[in-house]
Amino acid sequence: MKYHFETQAIKTQTERTQFSEHSTPLYLTSSFVFDDAEDMRASFAEEKEKNLYSRFSNPNTTEFVNKIVSMEKAEAGYAFATGMAAIFSTFGALLSAGDHIVSCRSVFGSTHTLFTKYFPKWNIETSYFKVNEVDKIESLIQSNTKILYAETPTNPAVDVLDLELLGKIAKKHNLLLIIDNCFATPYLQKPIEYGADIVIHSATKLIDGQGRVLGGVAVGKESLIREIYLFSRNTGPAMSPFNAWVLSKSLETLAVRVEKHCKNALKVAQFLEGNTKVNLVKYPFLKSHPQYETAKKQMRLGGNIVAFEIKGGISAGRRFLNNIKLCSLSANLGDTRTIVTHPASTTHSKLSNKDRLEVGITEGLVRVSVGLENLEDIINDLKQALEN
Ligand SMILES: *Cc1c(COP(=O)(O)O)cnc(C)c1O
């Protein structure tokens, strides 16, 4: 029986053992045993669906993957130690030397480093489009282009890309569309419905939601996941059973957590929009957001990340961070704890001003990952930090 999202997140469960445990136990085992020579042969020949070795599969990682597969309406998936392992292994499995990628310029920092520093070593080049230049995408496609890649909403400027448009372009030009759905989670947005072939998550963020473990996952078409699985079972980026156990429990509460994160974030965005120390607020579900219509079309709610431009540039951004009392200064996002960052003086400080502006990072840009504390407490902290 097919249940709704929240029910599926709870009811998708590894088969119970002889102990009839209600909640799935932790299977900390590196390998699995076989009944006899024939069982072992058939298992290795993949004539049987059986766990062999936890680098290939494990009951905990399988349960976690099955949940994400059902949430994203995918066919199959594989779980990784981190989000970056998922991204690297997906490209590693699907690309050959001489292939070409077309990507949005606003992608996660380490993904950008893969494109600029490592893939060129294997003769894989990337061409970029800016978030406000989607009409240029088709002109970047070459005869050797294999993948169209994007994140939406983007980090840290919270821009939104039109998934329906990306899906149409990918289909027309026979490209694989790969979407990093980390900021939205499958609760808010399902890129596969718009034609994505692979959806990737850093499970470290909202999927864990409590800042405890690292993880990543790639889900999508069976034939493509098969390639990613074979690449990964030989190269070894597998998720640990412990992390899978934690993350599978996290998914049971994903819907309620994300719902509340988004409710708080919208109120924070509305508060900031009315504050005189703030120039500009970016939140997908604010009417002032440049891609508001697109966000409304493809997202259930606006997500938990709010970006705003503080008046007074770098020094005002740093002063704001120093004034913060309740919220955390941390590199993570999607935690129960509200986190504030100032990209121009931290994560993106090594970029030139011009390169920063290309990805929407102005000197006064502050990113808030709105958490699950009491809304009034969050707003009061931001307010006093702006005014002091
Ligand atoms: C954090 C993040 C990643 C990388 O995930 P890790 O689990 O830290 O390796 C990739 N994409 C996005 C959008 C992220 O926010």
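Predicted model: local features only at pLDDT ≥ 70, side-chain atom pairs only at ≥ 80, totals over all residues.
Residues are numbered from 1 along each chain as its sequence is written, and side-chain values use heavy atoms, with hydrogens and water left out.

Okay, back to the cysteines. A disulfide is a covalent bond between the sulfur atoms of two cysteines, and here it is called when a pair of those sulfurs sits within 2.5 Å. Take Cys104: its closest cysteine sulfur is in Cys182, 15 Å away, so that's too far for a bond. Cys262 isn't in a disulfide either, as its nearest cysteine sulfur, again that of Cys182, is 13 Å off. Cys104 is buried, at 0% relative accessible area, and Cys262 is buried too, at 3%. By buried I mean under 20% relative accessible area; exposed is over 50%, and partly exposed is in between, using a 1.4 Å probe and protein chains only.

Next up, a helix pair. Helices here are DSSP runs of H or I with at least four residues, strands are runs of E with at least two, and both are numbered from the N terminus. Helix 3, residues 59–72, packs against helix 10, residues 241–251, at an angle of about 35 degrees, and the axes are 7 Å apart. Those axes are lines fitted to C-alpha atoms over the stretch in contact, and angles run from 0 to 180 degrees between N-to-C directions. Which residues meet there? On helix 3 they include Phe64, Ile68 and Met71, and on helix 10 they include Trp245, Leu247 and Leu251. Contact, by the way, means heavy atoms within 4.5 Å.

Now go to Gln189, in the loop between helix 8 (185–188) and strand 6 (198–202). Is Gln189 buried or exposed? Buried, with a relative accessible area of 2%. Its side chain reaches the backbone oxygen of Thr152 at 3.0 Å. If you skip neighbours within four places in sequence, the contacts of Gln189 include Glu72, Leu163 and Met299.

Thr152 comes up again, this time in a cis peptide bond with Pro153, where omega is about -5 degrees. Pro153 sits in the loop between strand 4 (145–151) and helix 7 (163–172). Pro156 is in the loop between strand 4 and helix 7 as well, and a cis peptide bond joins Asn155 to Pro156, with omega about 0 degrees. For context, most peptide bonds are trans, and most residues other than glycine have a negative phi.

On the phi side, have a look at Ser20 and Lys73. Ser20 has a positive phi, near 55 degrees, and isn't a glycine; you'll find Ser20 in the loop between helix 1 (5–11) and helix 2 (37–44). Lys73, also not a glycine, has a positive phi of about 55 degrees, and lies in the loop between helix 3 and strand 1 (76–80). Ser20 is exposed at 56%, and Lys73 is exposed at 51%.

Last stop, Ile324, in the loop between helix 13 (313–323) and strand 10 (328–329). Ile324 is buried, at 11% relative accessible area. Beyond neighbours within four places in sequence, Ile324 touches, among others, Val340, Asp381 and Leu382. Ile324 and Ile339 are 15 residues apart in sequence, and their C-alpha atoms are 9.9 Å apart in space.

Note on methods:
Polar contact = N/O pair within 3.5 Å; in protein donor to acceptor, adjacent residues only side chain to side chain.
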